[in-house]
Amino acid sequence: MTIENFNKFYDEYQRFSAYVAYCITKDKLLAEDISQEIFITLYKMRENLDYSDHKKLKALVFRATTNRCNDYFRKPSTKQEMCTFDEEGVEEGLERIRKILTENYVRPDESERIKSKIRELGQYTIIDKLSAR
């Protein structure tokens, strides 16, 4: 019965959690990730949830979501670091970006997509600079 209750609870409040997270972060993908993290945590404690009190459940989801968003912005790994490089420093710049990606939390599939875009950017930057000469 608990799994069925949790599934209903998830269906009812997951979008609410994602909406709250989006209002705070202004990033749709990040908001969805935060919401998923909240529900993974709540799933682990599903046996202790009172599914009959909807006000408390909504307050729990709201508080957990806002706290997780605050934690996200509090982490030093979320501070953005800018990397610029010229044609001589492409490899050095890519290495610096790889270091940032491995030190900070980035999903593996997202990491590969970012690395690919960085490589493209590096190639286009070099081509643009060479054709400007």
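Colleague: Let's start with Asp-71. Is Asp-71 buried, exposed or partly exposed?
Modeller: Asp-71 counts as partly exposed, at 36% relative accessibility. Keep in mind that this is a predicted model.

Colleague: Okay, and which side chain does Asp-71 meet in a salt bridge?
Modeller: The partner is Arg-74, with 3.0 Å from N to O. Arg-74 has 59% relative accessibility, so Arg-74 counts as exposed.

Colleague: How are Asp-71 and Arg-74 placed in helix α3?
Modeller: They sit 3 residues apart in helix α3, so about one helical turn separates them.

Colleague: How many salt bridges does a search of the whole structure find?
Modeller: The search comes up with 3 salt bridges. One of them joins the side chains of Glu-37 and Arg-68, at 3.0 Å from N to O. Glu-37 belongs to helix α2, residues 28-44, and Arg-68 to helix α3, residues 54-74, so this pair ties together parts that are 31 residues apart in sequence.

Colleague: And are Glu-37 and Arg-68 buried, exposed or partly exposed?
Modeller: Glu-37 is partly exposed, with a relative accessible area of 29%. Arg-68 also counts as partly exposed, at 25% relative accessibility.

Colleague: What about Lys-56, which side chain does that one meet in a salt bridge?
Modeller: Lys-56 pairs with Asp-53, and the N to O distance is 4.0 Å. Lys-56 counts as exposed at 59% relative accessibility, while Asp-53 counts as partly exposed at 25%.

Colleague: Let me zoom out. What does the secondary structure of the chain come to?
Modeller: There are 5 helices and 0 strands. Following the sequence, you get the pattern α-α-α-α-α.

Colleague: How much of the chain do buried residues make up?
Modeller: Buried residues account for 29% of the 133 residues.

Colleague: And of the contacts between residues at least 6 apart in sequence, how many join residues at least 24 apart?
Modeller: That comes to 64% of those contacts.

Colleague: Back to the helices. How do the axes of α1 and α3 cross?
Modeller: Helix α1 covers residues 2-25, and its axis comes within 9 Å of the α3 axis, with a crossing of roughly 35°. The crossing of α1 past α3 is right-handed.

Colleague: Which residues make the contact?
Modeller: On the α1 side, they include Phe-9, Tyr-13, Phe-16, Val-20 and Ile-24. On the α3 side, Leu-57, Val-61, Phe-62, Cys-69 and Phe-73 are among them.

Colleague: How does the contact of α1 with α3 split by class?
Modeller: It has 11 nonpolar, 5 polar and 2 charged residues. Glu-12 of α1 and Lys-58 of α3 are among the residues making the contact.

Colleague: Let me pick one more residue, Gln-14. Where is Gln-14 found?
Modeller: Gln-14 is in helix α1.

Colleague: Is Gln-14 buried or exposed?
Modeller: Gln-14 is buried, with a relative accessible area of 15%. The cut-off for buried is under 20% relative accessible area, so Gln-14 qualifies.

Colleague: Which residues does Gln-14 touch, not counting those up to four places away in sequence?
Modeller: Gln-14 touches Ser-35, Gln-36 and Phe-39. With Ser-35 there is also a polar contact of 3.2 Å between the two side chains.

Note on methods
Residues numbered from 1 in each chain as written. Predicted model: local features only at pLDDT ≥ 70, side-chain atom pairs only at ≥ 80, totals over all residues. Heavy atoms only, no water. Helix = DSSP H or I, 4+ residues; strand = E, 2+ residues; numbered from the N terminus. Buried < 20%, exposed > 50% of the residue type's maximum accessible area, 1.4 Å probe, protein only. Axes fitted to C-alpha atoms, helices over the stretch in contact; angles between N-to-C directions. Left-handed = near helix turned anticlockwise from the far one by under 90°. Contact = heavy atoms within 4.5 Å. Nonpolar A, V, L, I, M, F, W, Y, C, P; charged D, E, K, R; others polar. Polar contact = N/O pair within 3.5 Å; in protein donor to acceptor, adjacent residues only side chain to side chain.
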